[in-house]
Amino acid sequence: MTNAETITKLNNALNTLIKAYEELQNDNEGLKARINELEDEVLDLESAKEDLELSKMDLESNLTELNDHTEKDNSNISSMLGKIESLLNTSDSEEKTSNNSSNNNVQNTHNNNHNNHQKKDDKLFEEKKIEKQEEGKEPSSFDNLSVKVEEKKEEDSNSNKIDLNRMASLLNGFNN
């Protein structure tokens, strides 16, 4: 081979190397540009991550605040319900007290009526006993039986009156 042929071959090889080097440089610049793009994307993602973390902290704070308000509302509602129940219980106990006092009044009236009738019956029996003694006879068990029958009739009529009185007082209690 001659010098000219060797120079031509070396020149061709050098041109090929220069082209390859230029291609590699272009590829390298493209890769550097891609790396810069990826680094920018990473920065954007990190910024978005920080924003999400701040939003998460705000949401957790709002959730905690909401839970606190819910607990306070539940406690206020429970307190109000307790007060309402106590008011209802108070009005129920006042109504029961009123009904009890009316029932006591009716019971006292009944007891007084019964005592009055018992005194009348005792007086009547004593009068019959005195009459029989004046006639010279002791009162018989038949006389006692008739007195007791009369007592029973009076008690029945009185109990009907008492029931009517009790109904009237109960109705008055419901109207109040």
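**Surface patches and a salt bridge on a helical chain**

Leucine 88 is partly exposed, with a relative accessible area of 48%. Here buried means under 20% relative accessible area, exposed means over 50%, and partly exposed lies in between (1.4 Å probe, protein chains only). The model is predicted, so local features need pLDDT of at least 70 and side-chain atom pairs count only at pLDDT 80 or more, while totals for chains, interfaces and linings use all residues. Residues are numbered from 1 along each chain as its sequence is written, and side-chain values use heavy atoms, with hydrogens and water left out.

Leucine 88 sits in helix 1. Together with Ile77, Leu81 and Ile84, Leu88 makes a nonpolar surface patch of about 370 Å². Patches consist of residues with over 30% relative accessible area and no salt bridge; like charges are joined within 9 Å, and nonpolar side chains (Val, Leu, Ile, Met, Phe, Trp, Tyr) within 5 Å. Areas were computed by the Shrake-Rupley method with a 1.4 Å probe, and for residues only the protein chains shown count as cover.

Glutamate 41 belongs to helix 1, which spans residues 3–135. Its relative accessible area is 42%, so glutamate 41 is partly exposed.

The whole structure holds 1 salt bridge. This term means a side-chain nitrogen of Lys or Arg within 4 Å of a carboxyl oxygen of Asp or Glu. Glutamate 37 pairs with arginine 34, and their closest N and O atoms are 3.4 Å apart. Both residues lie in helix 1, 3 residues apart, about one turn of the helix. Glutamate 37 is partly exposed at 42% relative accessible area. Arginine 34 is also partly exposed, at 41%.

The chain as a whole has 2 helices and 0 strands. Helices (H or I, at least four residues) and strands (E, at least two) are DSSP runs, numbered from the N terminus. Of its 176 residues, 7% count as buried. The accessible surface comes to about 14,900 Å², and 53% of that belongs to carbon and sulfur atoms. Among contacts (heavy atoms within 4.5 Å) with a separation of 6 or more, 67% join residues 24 or more positions apart.
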